[in-house]
Structures are given as C-alpha cells and as structure tokens.
Amino acid sequence: MNARPPGASEWTRRSERGSLPLIRFMAWLSCVAGRTPTRLIVRGCAAYFVVFGGAARRGARDFLARALGRAPTLGDFYQLFFHFAAALHDRVYFLRGRYDIFHVEVHGSDHFGGTDGALLMGAHLGSFEALRAAGRAHAHRRVVMAMFEENARKINGVLLAVAPDALHDIVGLGRVQSMLELSDRLEQGALVGVLADRTLGEEPVIMVDFLGKPAPFPTGPMRMAAALRRPVLFMAGLYRGGNHYEMFFEPLADFSNLEGMDRAQRTARVDAAVRAYAARLEHYARLSPYDWFNFHDFWAARP
C-alpha cells in the first residue's frame with residue numbers, strides 16, 4: 001500500500017565528499033595524463049574507502065550479503081568501492097565524448113524504434129553516463145536526465161567543471177515548469193532518464209520485496225510517466241571491468257493510453273509498474289552486485 005514517510009531520507013542528509021576544485025583537478029589530470037595512469041588514483045580511492053569509509057561499508061553490508069548470498073569480505077567491499085570510483089572516473093571521458101576508448105555492449109537497442117520520446121527508469125546501479133552514450137550512439141537520440149532540484153544543483157557543479165555543454169541535458173524536478181519542459185523534450189523525441197530507486201522522504205512509496213526483504217520504492221517517477229502518457233524502459237549500465245560496459249534496455253510499462261481509467265485504476269497501473277521496476281532492479285543487482293552505489297541502508301524504515 002502507499003505510504004508517505006514523514007522525514008527526509010537518510011541518504012539526503014549525508015554530506016558530499018570531495019570538492020569542486022578537487023573534481024576540476026582530477027578532470028584535468030585524467031584528460032592530460034590519460035585513463036590508464038590515473039586509474040592508479042582510482043584504486044587508491046577504493047582502498048581508502050575500504051579502510052576509512054565506515055558509514056559506506058555499514059550501509060552496503062546488508063545489500064552485499066543479500067546479493068552475494070554470504071557475508072561480504074574486505075575484498076567484496078574493495079570491488080564495490082572500485083566500481084564506484086571507476087564509474088566516476090570514466091564519467092569524465094564519457095562527458096567529453098571519448099567513447100572510442102571504451103567497449104560498450106548494448107542489449108535491447110531494438111526497443112528504440114521510431115522517433116517518439118520515452119522515459120528510461122534506472123537506479124544508482126552502474127553508470128548513467130555510459131547509458132547516455134549508448135542512447136546517443138545506438139538510438140540516435142538525445143538523452144536528458146531528470147532529477148530533483150537539489151541533486152541537479154550538485155551535478156551541475158560537477159558538469160561545469162568537466163563538460164559545461166552537458167548542462168543542457170539536465171532538467172530539475174520540483175519546479176512549476178518542470179513537467180512542461182519534460183513534455184517538450186519528449187515531443188522532440190528525446191529519451192528522459194530518471195533514477196527511480198531513491199526517495200527524498202516526502203513523496204509516497206510502496207513497500208516491495210527486494211532481495212528477500214520489503215523496501216520502500218517511490219511512486220513519483222512512475223506517476224510522472226503516467227502524467228506524461230509515455231512508455232517506460234528499464235535501463236542498467238553495468239561496469240564489467242577494464243574498459244568494458246554492458247548496457248541493458250527493457251520494456252517496463254506503457255502509460256500511452258490511460259483513457260477511461262479512474263483514479264484507482266491508474267494508481268494500480270502505477271503500483272504494478274513500480275513492482276516490475278523493483279523486480280528488474282533486483283535481477284541486475286544480483287547480476288552485478290559491485291555496481292550497487294546506494295551506500296545507505298536501503299531497507300531501513302524512514303525516520
């Protein structure tokens with residue numbers, strides 16, 4: 001059933017590590033020195049978080065235990081933090097159009113037939129920048145990211161440091177004109193990406209079984225898709241080691257035709273889509289557990 005948590009989610013209260021000067025320096029160094037030498041820094045960052053990232057380790061422990069089917073080791077935590085750091089590092093090259101240095105394998109590109117816009121529902125699982133590159137290369141579409149305004153401001157700072165042109169592909173949610181802007185982009189045939197696995201704590205959620213335990217999944221992204229009357233694809237961009245990324249796109253729901261449905265029927269359609277989303281997210285989380293970048297207790301009751 002729908003529930004509305006009374007407070008902000010725990011992940012939103014976490015302070016961001018790093019700073020824009022450091023990001024700018026790493027972006028500059030990555031471009032000047034190249035990907036291979038600067039990967040040594042990436043490995044150092046992963047080792048640092050294994051030793052000093054106590055909160056992140058605690059947040060990820062339950063997930064790793066459920067996804068792996070055993071107690072996680074220090075090696076598992078290292079692989080998790082390395083995948084996270086590698087995805088952030090590679091974001092610099094994807095944002096700057098250096099697709100040539102990666103091997104990107106795409107599954108499901110045939111679902112992008114025609115020119116109509118659609119919503120892509122992803123998660124904090126793997127790399128969204130790799131997904132955006134795949135969408136442009138294989139679907140020949142502009143890929144726009146829709147996110148909450150606070151998160152949009154954070155990522156805008158990163159984009160200004162790395163690839164200012166990419167700012168045009170970010171749409172902040174929560175503003176009066178947000179839905180109009182998204183509708184315009186979709187009418188132009190764009191693909192709109194949404195990370196639908198987190199809630200800010202003020203929106204309705206439904207409890208869905210995820211890796212053997214009920215977890216709160218927000219209904220907002222699917223309600224947005226229903227309001228926009230658009231089909232929805234699940235997306236996952238998994239890091240497979242080295243320079244290899246594997247992209248997956250699957251049909252998830254279609255809200256193109258809701259004519260004649262009352263509010264209860266539309267709500268049932270949205271809830272069914274959220275459950276389908278959670279099931280596909282569980283599948284890919286088991287397939288590539290080290291790509292899970294939710295470093296908080298995903299199942300915790302909201303405060």
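**Exercise 1.** How many bridges join strand 3 to strand 6, and in which sense do the two strands run?

*Solution.* This is a predicted model. Start with strand 3, residues 118-122: five bridges link this strand to strand 6, and the two run parallel.

**Exercise 2.** Find how strand 4 pairs with strand 6.

*Solution.* Strand 4 covers residues 143-148 and is parallel to strand 6, with three bridges between them. For a facing pair here, take V143, which lies opposite L191 in strand 6.

**Exercise 3.** Why is strand 6 largely enclosed by the rest of the structure?

*Solution.* Strand 6 consists of residues 191-195. A residue counts as buried when its relative accessible area is under 20%. Four of the five residues of strand 6 are buried, so the strand is largely enclosed by the rest of the structure.

**Exercise 4.** Describe the largest cavity and its lining.

*Solution.* Searching the whole structure gives one cavity of 30 Å³ or more. The largest cavity has a volume of about 30 Å³. Its lining includes G122, F128, L195 and M235. Helix 5 (128-138) and strand 9 (231-239) each supply at least two lining residues, and strand 9 gives the largest share, three residues. By type, the lining has seven nonpolar residues, four polar and no charged.

**Exercise 5.** Decide where the model calls for caution.

*Solution.* The average pLDDT of the protein chain is 85, and 84% of the residues score at least 70. Over residues 4-18, however, the pLDDT is below 50; this stretch has 39 contacts in the model beyond near neighbours in sequence. Where pLDDT is low, predicted coordinates should not be read in detail.

Terms used
Residues numbered from 1 in each chain as written. Predicted model: local features only at pLDDT ≥ 70, side-chain atom pairs only at ≥ 80, totals over all residues. Heavy atoms only, no water. Buried < 20%, exposed > 50% of the residue type's maximum accessible area, 1.4 Å probe, protein only. Pairing = 2+ DSSP bridges. pLDDT = per-residue confidence, 0-100. Contact = heavy atoms within 4.5 Å. 1 Å grid on protein atoms, 1.4 Å probe; cavity = no way out; pocket = protein on both sides within 12 Å on 5 of 7 lines; lining within 4 Å. Points joined across faces, edges and corners; volume = space filled by probe spheres on them. Nonpolar A, V, L, I, M, F, W, Y, C, P; charged D, E, K, R; others polar.
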